Amino acid sequence: MLPSILILLPLHRRQDLRAEDPNLPYLILKMGRLQSLRSFDAFPRAEEHLLKKTHSGAVVSVIGLAVMATLFVHELKYYLTTYTVHQMSVDLKRGETLPIYINMTFPSLPCEVLSVDAIDMSGKHEVDLDTNIWKLRLNKEGQITGTEYLSDLVEKEHSAHKHDDSDNHDDSSEKKREDTFSSDAEKMIENVKRAISNGEGCRVYGVLDVQRVAGNFHISVHGLNIFVAQQIFGGAKLVNVSHVIHDLSFGPSYPGIHNPLDGTTRMLHDTSGTFKYYIKIVPTEYRYLSKEVLPTNQFSVTEYYVPIRVTDRSWPAVYFLYDLSPITVTIKEERRSFLHFLTRLCAVLGGTFALTGMLDRWTYRIVEAVTKSKSRSVLR
C-alpha cells in the first residue's frame, strides 16, 4: 500500500519524505518484496469473524487430539525400542574354556551316591580345571538340610567306572569284596538306605570349566564301588535317576536367549534307564548399543532315553553329550534413526489431522442437513 500512496503524492512532497528519511526507498522496496512473498502462502488465514466454531467440531477435535497423542506415544516407544540383527561367520576361537552352568535336582537320589564327571573327546577326565560345584541335600519337602562342595570333577573312585567289566571275577574278587565292605562302607550303606527311605534328594548346581572341544559330562552313581552300589540299591534297575533341570546353559545370559532344557522334568516310576541329551552348541556374541561385547553360547538339544535291561552291565545315569558348531552367531543391538522417527511421526500426525478435518466437514454437513430438514417440517 505504501508505494501506491507515494505515487499519488505530489513531487515536492515525495522529495520532502526522501529528505527526512534517506532509507525510505530501501524500505519501500523491502515492503514490496514482502507483499509478493505472501502469494506463496499455502496456508491462508481467514478473518476471525468468518470462522464458525461448532459443538461437532469440538468433539472431532478432542477425538483427533487423543488419537494423535496415542500415536505419538506409540511412535516414541517404537523409536526407543532396540532391535537385533543376526550375522553369521566362521568360529575362529581356539584354546579357550567352555563354561557349563548346571542347576539340577534329583529327588530320589541322596547326595552321597551322586557324582559328577566330565570327559572330553579324547577320553581325558577334566579333573584339572577350575570347578565350582555344590551338592545340596534335600529332605522330602525339598528343603535344604546340608551342603557339600566338590573341589574337582573326579569321582570318589574312578575304578568303579570299570564295573561294566565286572563279569570276570577270579578268586581275588572275594578279597576285594572284604576290603570294600569296611566299617566306613557299611556305615555309608546304612546312611544312604536311611536317606532313601526318608525320601531325601539332592540338588547339584555350579559351574564347570571344560576344554572347548566336544565331550560330555554326566551325573550318576558311578562313583560308588559296584559291591557297595549293589548293597544299597539291590540292582541297577532300582536306581531312580528322575531329575529336574532348573537351568542348563553354556555361558552368561543375554536379552532374548532361550535355553531349551530350562524347566525340563523327567520322572520315572517303577522303572529306570539312562537319559542322554545330545547338545549342539553355537558360539554367540551379543553386542550391546554401548558397543560392549558379551561372549556366550546358545544351543539346541535332542533327547534320548534308554530303558535299563536285565542284561545291561551299565548303571543308569544322565548324560549331556555336547559338540560345538564351526559357525558363530553375532547378535547386534541397533536403534532406528531419528530421521526415520520424524518421518513416521509426520506421517501419522499429518494423516490424523487431515482425517479429522474431513470428518469435521462431513459431520457439519450432516448436522446442517438434519437441522434444515427439521426446520422445514416445523414450518409445514
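Mentor: We shall set values against definitions, beginning with the basis of the model.

Mentor: This is a predicted model, in which local features need pLDDT of at least 70 and side-chain atom pairs count only at pLDDT 80 or more, while totals for chains, interfaces and linings use all residues. Residues are numbered from 1 along each chain as its sequence is written, and side-chain values use heavy atoms, with hydrogens and water left out.

Trainee: What makes Cys111 and Cys202 a disulfide?

Mentor: A disulfide is defined as a pair of cysteine sulfur atoms within 2.5 Å. The sulfur atoms of Cys111 and Cys202 are 2.1 Å apart, and the pair forms a disulfide. A search of the whole structure finds one disulfide.

Trainee: Why is the disulfide of Cys111 and Cys202 called right-handed?

Mentor: The torsion about its S-S bond is about 100°, so the disulfide is right-handed. Cys111 lies in the loop between strands E2 (97-106) and E3, and Cys202 lies in strand E6 (residues 201-211), so the pair ties together parts that are 91 residues apart in sequence. Helices (H or I, at least four residues) and strands (E, at least two) are DSSP runs, numbered from the N terminus.

Trainee: Why does Cys346 count as exposed, and why does Leu359 count as partly exposed?

Mentor: Buried means under 20% relative accessible area, exposed over 50%, and partly exposed in between (1.4 Å probe, protein chains only). Cys346 has 56% relative accessibility and therefore counts as exposed. Leu359, at 39%, counts as partly exposed. Cys111 and Cys202 are both buried.

Trainee: What makes strand E7 mostly covered?

Mentor: Six of the six residues of E7 (residues 215-220) are buried. Gly215, Phe217 and Ile219 point one way, Asn216, His218 and Ser220 the other way, and all are buried.

Trainee: How do you know that E7 pairs with strand E12?

Mentor: Two strands pair if DSSP finds at least two bridges between them. E7 and E12 (residues 317-324) have six bridges and pair in the antiparallel sense, with Phe217 opposite Phe320 of E12. Six bridges also join E7 to strand E3 (residues 115-120), again antiparallel; here Ile219 of E7 is the bridge partner of Val116.

Trainee: How much of the chain counts as buried?

Mentor: Of its 380 residues, 34% count as buried. The chain contains eight helices and 13 strands, and Leu359 lies in one of these helices, H8 (residues 338-379).
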